[in-house]
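Trainee: Hi! Could you walk me through this structure? I'd like to start with the charged contacts.

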Amino acid sequence: MNGVRNLLRARELSAGRGVLRQALLGRDRPWLQGSSCAQSFWLVPVRSIRSSAALSHSELVHSARGDKEKDRGFRDGSLVPFDELFERAHEGDRNKAAFSRAVELFCQRDVRRRGHIEFINAALRKMPEFGVERDLDVYNKILDVFPKEVFVPRNFIQRMFNHYPRQQECGIHVLEQMENYGIMPNKQTKFLLLQIFGEKSHPIRKYQRLLYWFPKFKHINPYPVPAALPQDPVDLARISLQRIAADLSAKVTVYQLPLTDISDAGKEITQLHIVGIQSPDQQELLARHNPSRPVFVEGPFPLWLKKTCVYYYVLRGEPLPPEEKEEVIDSERNFYYPMHLDLDLDRDLWDDEEFYVDEVVEGPIFAMCMAGAGDQATLAKWILGLQQTNPILSQTPVVFHLTPGPRELQAASDSESGEEEIPQSWHMKQEL
Amino acid sequence: MGSAAALPQELLRLQGEGEQQGREEVFPYPEISNEELEEINQFVGPVEKFFSEEVDSKKIDQDAKIPPETLKGLKNLGLFGMQIPEEYGGLGLSNTMYARLGEIISLDGSVAVTLAAHQAIGLKGILIAGTDEQKAKYLPKLASGEHIAAFCLTEPGSGSDAASIQTRATMSEDGKSFLLNGSKIWISNGGLADIFTVFARTEIVDNDGAKKDKITAFIVERAFGGVTNGKPEDKLGIRGSNTCEVHFENTKVPVENVIGEVGGGFKVAMNILNSGRFSMGSASAGMIKKLIEMTAEYACTRKQFNKKLSDFGLIQEKFTLMAVKAYVMESMAYLTAGMMDRPGVPDCSVEAAMVKVFSSEGAWICVSEALQVLGGLGYMKDYPYERYLRDSRVLLIFEGTNEILRMYIALTGMQYAGRILTGKIKEMKKGNVGVALEIFVNKFRDSMGRKVDLGLVGKDGVAHPSLEESSKKLEENIYYFGTTVEGLLRRFGKTIVDEQLVLKRVADVSINLYAMTAAISRASRSISIGLRNHDHEVLLTNIFCTEAYFKNNYAMAELEKYAAENLDDSIKKVAQQVLEKRAYICSHPLERTF
């Protein structure tokens, strides 16, 4: 009776690999032990026995190592044992040399590189701390930790199934982190991956995908932000403003440089920067503006440059009433050819393909600026500076429409350069 | 329409009204009387002799100056007053005769430009819009060459835009004179001239009392004071001609020296510019004829592989090209001059513009090809060819750039066609079934291969039967051009002003049509009266007409398409992207991303 039940049980198990593994490894299943086992062995179809045998081998090895790691984990008394290695490696600075030292330390410790997966995971985690998260050499060094040629499948069956899945996954992790930081793998990476995992393994596939997509996306942004943003607020304001203006004729003017000075009376005077931009077109628009209508200073509006957020202010007018929009061309304007035809025919519907994206309902923008502070006094200085080049502004009423919101947020998070904490997921998107 | 411009005329003919009149404008080819011919031949001899013996073009080019004795010789020949009436001491030449002399004068670019700046634009204002007193006062000295004239329109900030002229003339308190202030640039003869035609802004009180700035033309003598000029500009070509800045500082100009009315300067400027262009056709033709002689000499003597250069097909082709261009240029120039010489005040400004565009571009191509025949020799400063190349480049630029003139040609034609066709198109757009059906039936008949007969050949035809093929091609082009223009008006209406790529094609087709007409008309006359080598003319005409016919068909096929299909969209987009970055934006071919 017992024999029959065991037999049924074995058959069930042979159906699924996972379950079989459980069955084979399970030491807590007394019914598999004992004499009845031999009986069941003979009754189960031959094919499943073989595959189970192969599986059992690899899984046994795996489990054995797992046990050992667990043992050492207990010995070290920590769940992430390799963090310590990194702590030990850096004596002074956390830099590339220190990181490399840690990796070398691990490699020297054991020829068989026991625990390399855990070490690699720890290393990946530690990279930003050491500031090497964008260093291709370091990634290659990390990949070099893997033992070579051990995980390369030797026959078609190994190749067919996920050979050494944890190691492959770990390799993919390394590549994924490279991907997230936008690091392009090179020939050496490929060489290492081939040595470690062999052709057509998952990490190699990942590598191929990276190599396919990365070049395509490298220059996808038509308005690239420089890799390292300037620290000087004036320089930062300059590139930001040029970026928004998107007009090569636009001229940046520094109305006021940041300055901290001690006056004679011993009082500290701080002067904040005011940087503005205006294009000749905008100047012309402003010159044609009717001075009886007010112009508005509005802001602050945020602009994100990678992880940095800056704020800018605009000087704008109200949308023109439709009757003033029409520009009448003087018939005596062009010496050589007529500027308009005296015809009673309009454009046909099919050829009318124009729509205007530049003409926004908010009205024309006359100038933009960035300043160290968003209070009216500071911005008034900007307007004062603008009056030098735009005389009409001195006759035009200027209305300040300032919202306080984002200013406070910026003040709370960081100082001048406006470095802000961003959620991790968003952060990653930026990196790409 | 006493003188229909060529393009409108073609459209007129197409419309079936005034058919006779349009044809009579250009057929038969205009002739001058025997007396006039004799008279002009009397001039041609000495002038030719003077240019071949006394004018040292190489030295003029090197020194960037026309020597005084050469200028004196030109004055003695009366060449400074060619079109000034005899009563004022000029030669009183007709436009045709002026064009004939222009052929010879053009043998030296610097001299030609100096003379043209003097009389084609410099003193033209006095001639066409001046009062009798002004004419009596200034023309005699200008005709003798004692005074040289210059035309001052261009300013640092103003080319063709009248609104950006900054030179200002303010009326003095007693109302007797104006004070002139401002600077003009690139003034031909600016350093030599004693009399300037200056355009300046003046304040005018409108009928309704509003003050407004308008352009006024003035005759300014250097003797008025306050006139200074900069140093002569160093130029690529026409180096011997004097070009410099002219400054006016509180120059006092009496009210009598206003040309036309105060505030009427715009029209004066336009008329001067429009009338000065026609002579460029004969001038370019003269230059090319000379070039053909010089290069043919070389091609027939130089041997390579025991064969003369003239035996090579590719060299022969270049000579044919030069001959065809020269022939067509000449035909257009003298047809236009002849039309301008008709009684009345015919307006041939569109034709003149077509002549200018065609001949300047033709001259540039021909000089370049002539240089090619000579190979390395043409590139050397020891030979005159490189000078011709440099000199001829300016033809495409001055007196209105070819781009601007194309707009003028196309828009004037469009305006004219629009006046005739507006009613019909509006009817159709309103949904008038009759008109729509008529258009549809016409289109259908066109697509079935319509025979176009506008009566150029056949019974009562005006073209010679030997030119039947070419005439048929011209007729067909004219007919389809009419339908194309109608389609364009229907599609774009008055907004066609902004469609420069479309207008350029319209202008090109118009120029070709006018050129074909001129060549056929001239060749027909030559055959009919038995001029020497008229069979050669037939060949040239047929070559040109066939080529132009295919070019026209291509241009018209493009015109019928929408912007996405005829590449206009892509062309604009590329330009936009390049101009946005103000650079060539492609990555370098050696660049890599991985």
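Mentor: Happy to. A salt bridge here is a side-chain nitrogen of Lys or Arg within 4 Å of a carboxyl oxygen of Asp or Glu. With that in hand, B:R100, B:E103, B:K289, B:E330 and B:R522 are linked in a network of salt bridges. Do keep in mind that this is a predicted model.

Trainee: Got it. How many salt bridges are there over all chains?

Mentor: The count comes to 43. One of them pairs B:E31 with B:R525, with the closest N and O atoms 2.8 Å apart.

Trainee: And where do B:E31 and B:R525 lie in chain B?

Mentor: B:E31 is in the loop between α2 (19–26) and α3 (34–53), and B:R525 is in helix α19 (residues 500–529), so the pair ties together parts that are 494 residues apart in sequence. B:E31 counts as exposed because its relative accessibility is 53%, whereas B:R525 is partly exposed at 23%.

Trainee: Is B:E486 buried or exposed?

Mentor: Buried, because its relative accessibility is 11%, and the cut-off for buried is under 20%. B:K424, at 25%, counts as partly exposed.

Trainee: What does B:K137 pair with?

Mentor: Its side chain meets that of B:E221 in a salt bridge (3.5 Å, N to O). That links distant parts of the chain, since B:K137 sits in helix α9 (residues 132–144) of chain B and B:E221 in strand β5 of chain B, 84 residues apart. B:E221 is buried, with a relative accessible area of 15%.

Trainee: Nice, let's switch to the strands then. What does β5(B) pair with?

Mentor: Strand β5 (residues 211–221) of chain B pairs with β4(B) in the antiparallel sense, over 11 bridges. Within that pairing, B:E203 stands opposite B:D213 in β5(B). The hairpin of β4(B) and β5(B) has 5 residues between the strands, and B:G209 takes a positive phi near 90° there.

Trainee: And which way does β1(B) run against β4(B), parallel or antiparallel?

Mentor: Parallel: 4 bridges join strand β1 (residues 149–152) of chain B to β4(B). To find the place, look for B:F151 opposite B:T197 in β4(B). Strand β4 (residues 195–205) is mostly covered, with 9 of its 11 residues buried.

Trainee: OK, new topic: the other chain. How much area is buried between chain B and chain A?

Mentor: About 3600 Å², of which carbon and sulfur atoms give 58%. B:F266, B:K494 and B:T593 supply 17% of the area that chain B buries against chain A, more than any other three residues. In terms of contacts, 46 residues of chain B touch 29 residues of chain A.

Trainee: How many salt bridges are between the two chains?

Mentor: The count between chain B and chain A is 6. Among them is the one where the side chains of B:K214 and A:E332 meet, at 4.0 Å, N to O.

Methods: Residues are numbered from 1 along each chain as its sequence is written. Chains are lettered from A and ligands numbered from 1 in the order in which they are written. This is a predicted model: local features need pLDDT of at least 70, side-chain atom pairs count only at pLDDT 80 or more; totals for chains, interfaces and linings use all residues. Side-chain values use heavy atoms; hydrogens and water are left out. Buried means under 20% relative accessible area, exposed over 50%, partly exposed in between (1.4 Å probe, protein chains only). Helices (H or I, at least four residues) and strands (E, at least two) are DSSP runs, numbered from the N terminus. Two strands pair if DSSP finds at least two bridges between them. Contact means heavy atoms within 4.5 Å. Buried area is the accessible area (1.4 Å probe) that two parts lose on being put together, summed over both.
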